[in-house]
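User: I have a protein model to read. Can you take me through it step by step?

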Amino acid sequence: MYTLFLTIILIAAAFVLLGIKVLFVKNGKFPSGHAHDLPALKERGRRADQKRTKQ
């Protein structure tokens, strides 16, 4: 029972800590993980393919 309680507390703490900017900063949002938004790739002149294929 103690292990379950500790696990729930740790998971809740992780969610709070990961989302602290989103929760407390006005207009806060998570940074984009897309390749076309990375400044390092833009500086090198590389671009990500943004075409979507139909399924």
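This is a predicted model: local features need pLDDT of at least 70, side-chain atom pairs count only at pLDDT 80 or more; totals for chains, interfaces and linings use all residues.

User: Which element has the highest mean pLDDT, and which the lowest?
Analyst: Compare the elements of the protein chain by mean pLDDT. The highest value, 93, belongs to α1. The lowest, 74, belongs to α2.

User: Which pattern does the protein chain follow along the sequence?
Analyst: The chain has three helices and zero strands. Read along the sequence, its pattern is α-α-α.

User: How far does α1 reach from its first C-alpha to its last?
Analyst: Helix α1 has 17 residues. At 1.5 Å a residue, the expected span is 24 Å. The model comes close to that, with a reach of 24 Å.

User: How many residues of α1 are buried?
Analyst: Buried means under 20% relative accessible area. Helix α1 is hardly covered. Among its 17 residues, the buried count is zero.

User: Which helix supplies the largest share of the nonpolar patch?
Analyst: The surface patch is formed by V16, L17, I20, L23 and F24, with about 550 Å² of accessible area together. Both α1 (2–18) and α2 (20–24) supply at least two of its residues. The largest share, three residues, comes from α2.

User: Is L23 buried or exposed?
Analyst: L23 sits in helix α2. Its relative accessible area is 56%. The cut-off for exposed is over 50%, so L23 counts as exposed.

Technical notes. Residues are numbered from 1 along each chain as its sequence is written. Side-chain values use heavy atoms; hydrogens and water are left out. Patches are made of residues with over 30% relative accessible area and no salt bridge: like charges are joined within 9 Å, nonpolar side chains (Val, Leu, Ile, Met, Phe, Trp, Tyr) within 5 Å. Accessible areas come from the Shrake-Rupley method with a 1.4 Å probe; for residues, only the protein chains shown count as cover. A salt bridge is a side-chain nitrogen of Lys or Arg within 4 Å of a carboxyl oxygen of Asp or Glu. Helices (H or I, at least four residues) and strands (E, at least two) are DSSP runs, numbered from the N terminus. Buried means under 20% relative accessible area, exposed over 50%, partly exposed in between (1.4 Å probe, protein chains only). The expected span of a helix is 1.5 Å times one less than its number of residues. pLDDT is the predictor's confidence in each residue, from 0 to 100.
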